[in-house]
Amino acid sequence: MYPSRFRYEAPRSLNEAIGLLADGGDEAKVLAGGQSLVPLMKLRFASPELIVDINNVPGLAYHQADADGTLRIGALCRHSDLEHSELLRSTQPTMAAAAPLIADPIVRNRGTLVGSLCHADPQGDWASVVLSLGGSVVAQGPRGRRTISMTEFVTGPFENLLEPDEIAVEAVIPPAQGTRSGGYLKLERRVGDFATVGVAVSIETAGERVTKAGIALTGVGGSTIAATEAAAALIGRPLTEESINAAAELAAQAARPRTDHRGSAEYKRHMVSTFVKRILSGANHGRASSGDGGGTERAA
Ligand SMILES: Cc1cc2nc3c(=O)[nH]c(=O)nc-3n(C[C@H](O)[C@H](O)[C@H](O)COP(=O)(O)OP(=O)(O)OC[C@H]3O[C@@H](n4cnc5c(N)ncnc54)[C@H](O)[C@@H]3O)c2cc1C
């Protein structure tokens, strides 16, 4: 199917892009990687009158760490940039584990992390990862810049807090205070599929003690779920079988899965618990590592 008729603009600066969005109002849409927007337009689930393609805007295709370790991911940083990033491999185990599990290589070459956060698909993997890390989104519009915590950014399925004239210019991951470890595990029916169940876990340790923890769930509710009670169960003590089991149980309770052709709600809840245990059991406190907690399971 072809999309409805639309006007296409490809501005060469951020200010020009914001001006076009301000003129277009509710009928305008930003185009980043196009991997979610274009299919929606072709199916006519979305029919914007104006497309503002930001791919010619310079200076947005970065991911870099500030001197204090804050990680910034620009609006045109592709999934594949993150998949092959040495910076992520050495400092961001949860992100490094998730990057190769997004879709397939073709989608990863075009799609962006920031676009994925904006799209707010309950089955999008990056929202859970960024949520588990306490990240945020920086929006820029005619009134200037503002930082929106990931806990507030997604307001529902396919909805976010951006005003129609704002562009999400970057995602920000705060620096680790202790040693960061964690992972992302995803249950998918076949390679490149969206998550039936996804679990992101990020922890920080000082010595043996967990000082910070985030657990977030993909695909098991109306939107991405922050399993805050599960994360809290880990803080202030070393990782033990008891604390891991408690966190896994609380994470399963936080999930709101539905029975469908991919599996029963009970099965999905069980997978949440299994993934939390698996990631935390593999987390090398004292060493940031992505190899321990990343991977997929395939279900029939
Ligand atoms: C076959 C297929 C399989 C996929 N599998 C997965 C998967 O397993 N896991 C997963 O997480 N995702 C998956 N995706 C989605 C993919 O990751 C998309 O790339 C991503 O969700 C959206 O990023 P994008 O840059 O392509 O955004 P676009 O498609 O360009 O935009 C998506 C939405 O976000 C808005 N937007 C984008 N960027 C900005 C911005 N900077 N500021 C304001 N608004 C913005 C757009 O207006 C639009 O509403 C899949 C997609 C396909 C086609």
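**Exercise 1.** How do the residues of the shell around the ligand divide into nonpolar, polar and charged?

*Solution.* Before counting, note that this is a predicted model, where local features need pLDDT of at least 70, side-chain atom pairs count only at pLDDT 80 or more, and totals for chains, interfaces and linings use all residues. Residues are numbered from 1 along each chain as its sequence is written, and side-chain values use heavy atoms, with hydrogens and water left out.

Step 1: collect the shell, taking a residue as near if one of its heavy atoms lies within 4 Å of the molecule. That gives 31 residues, with Val 30, Gly 34, Leu 37, Thr 112 and Asp 125 the closest.

Step 2: sort them (Ala, Val, Leu, Ile, Met, Phe, Trp, Tyr, Cys and Pro are nonpolar; Asp, Glu, Lys and Arg charged; the others, Gly among them, polar). You end up with 15 nonpolar, twelve polar and four charged.

**Exercise 2.** Find polar backbone atoms that sit by ligand oxygens.

*Solution.* Look for polar contacts (pairs of N or O atoms within 3.5 Å). Val 30 brings a polar backbone atom to 2.6 Å from a ligand oxygen. For Leu 37, a backbone N or O atom is 2.7 Å from a ligand oxygen, and for Asp 193 the distance is 3.2 Å.

**Exercise 3.** Which element gives the most to the shell around the ligand?

*Solution.* Elements are DSSP runs: helices (H or I) of at least four residues, strands (E) of at least two, numbered from the N terminus. Strand E2 (28-31), helix H7 (113-119) and strand E10 (167-173) each supply at least two shell residues. H7 comes out on top with five.

Notes. A polar contact is a pair of N or O atoms within 3.5 Å; within protein, one must be able to donate a hydrogen and the other to accept it, and residues adjacent in sequence count only if both atoms are side-chain atoms.
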